[in-house]
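Visitor: I have a model open on my screen and would like to learn how to read it. Could you walk me through it, one feature at a time?

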Amino acid sequence: SSMGELRIHSVLVTGANRGIGLGFIQHFLGMPTPPKWVFAGCRDPKGQRAQELQNLASKHPNLVIIPLEVSNPASIKAAAATVEKHLGGSGLTLLINNAAIVRNANLDDETLENMTEIYTTNTIGPLLMGQPFLPLLKKAAQGSPGSALSCRKAAIVNISSTGGCISAPEIFDLMPVISYRCSKAALNMLTKCQSLGYREHGILCVALHPGWVQTDLGSAGGHQPPLTADDSVQGMLKVLSSLSEKDTGTFLSWEGKVLPW
């Protein structure tokens, strides 16, 4: 459409119960032509922290809340089976790997446990998500006419951060969070690898920087971020609607700027 609305058949968002993840769900449900299926992955769908998702699900029959712990391979496999059941023979158009955690730690007090936990969720999670969901993404790509890559065909979107930019040293003073930054630099490499490995299947892969957003994660450093989740998500959806073949394997901001690795 002229608004550059992202028209897709189905989408799965991880870490969907708050912040940017919840923002994505709200925007997808509010579209003039919403996806037929919106899958919201979160760790505890019945819990207090998923209350807002539960409210939305009671109003939107196309929203399915899926228990999903991205650091747990068995949980990911079970989620893929549930999604496949709902899709009933059609593919999954869009996978948004948004689930992430941050721990405030600098070079002196970073620990093995911290590094491991954060890398497991922020980097290994998106890798593992690509495995059982690959057949569903391939199916979406095959069911979409034309060979050109786009988010309307099939795509993996990894929510990254300029915190992972190796060539932006000035961010260090603002956000030393070592484990988080390493995990995002590695996520950017994973995105590049996925873009090269999945291109032949017709799947576009990008890393997106959502901006510095007013969420629990964004405010973890004790600063007040400038951007609302709503504005960030709106910007990212606009970017996603405009992506084509040339954009696969790139790192883009919520405003569509190409970012340095």
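Guide: Let's start with a helix. Nine of the eleven residues of H1 are buried, so the rest of the structure largely encloses this helix. Keep in mind as we go that this is a predicted model.

Visitor: Which residues of H1 are buried?

Guide: They are Ile20, Gly21, Leu22, Gly23, Phe24, Ile25, His27, Phe28 and Leu29. Take Phe24: its relative accessibility is 0%, so it counts as buried. Phe28 is also at 0% and therefore counts as buried.

Visitor: How do I look for aromatic pairs, and how many does the whole structure have?

Guide: You check how far apart the ring centres are and how the planes are angled. A search of the whole structure finds three aromatic pairs. One of them is Phe24 with Phe28, a stacked pair at 6.2 Å centre to centre, with 20° between the planes. Both sit in helix H1, four residues apart, which is about one turn of the helix. Trp37 and Phe39 form a stacked pair as well, at 6.0 Å between centres and 10° between planes. Both Trp37 and Phe39 are buried.

Visitor: What about the nonpolar core? What is the general idea there?

Guide: In soluble globular proteins, nonpolar side chains tend to be buried together. Here, the largest nonpolar core has 39 residues, and Leu6, Phe24, Ile25, Phe28, Leu94, Ile96 and Leu240 have the most contacts inside it. Among the elements giving two or more residues to this core are helices H1, H2 (51-59) and H7 (229-242), along with strands S1 (10-13) and S2 (37-42). Apart from it lies another core, of 28 residues, which includes Val64, Val70, Ala99 and Phe133.

Visitor: Which residues does Leu240 touch, if I skip those up to four places away in sequence?

Guide: Leu240 touches Leu6, Leu94, Cys151, Val157, Val206 and Leu208. Leu240 is also one of the buried residues of H7, along with Ala229, Val233 and Met236, among others. The cover over the buried residues of H7 includes H1, S4, S5, S6 and strand S7 (251-253).

Visitor: Where does H4 bend?

Guide: At Phe133, by about 60°, and a proline, Pro135, follows within four residues.

Visitor: How should I read a loop residue such as Ala16? Is Ala16 buried or exposed?

Guide: Start with where it sits: Ala16 is in the loop between S1 and H1. Its relative accessible area is 0%, so Ala16 is buried. Beyond its neighbours within four places in sequence, Ala16 is in contact with Gly21, Leu22, Ile25, Ala40, Gly41, Cys42 and Leu53. Cys42 itself has 3% relative accessibility and therefore counts as buried.

Visitor: Since you mention a cysteine, how many disulfides are there?

Guide: You look for two cysteine sulfurs within 2.5 Å. By this rule the count is zero. Take Cys165: the closest cysteine sulfur, in Cys182, is 13 Å from its own, too far for a bond. Cys165 counts as buried because its relative accessibility is 3%.

Conventions. Residues numbered from 1 in each chain as written. Predicted model: local features only at pLDDT ≥ 70, side-chain atom pairs only at ≥ 80, totals over all residues. Heavy atoms only, no water. Core = buried A, V, L, I, M, F, W, Y, C linked by side-chain atoms within 4.5 Å. Buried < 20%, exposed > 50% of the residue type's maximum accessible area, 1.4 Å probe, protein only. Contact = heavy atoms within 4.5 Å. Phe/Tyr/Trp six-rings, centres within 6.5 Å; stacked < 30°, edge-to-face > 60°. Bend = angle between axes of the 7 residues up to and from the residue.
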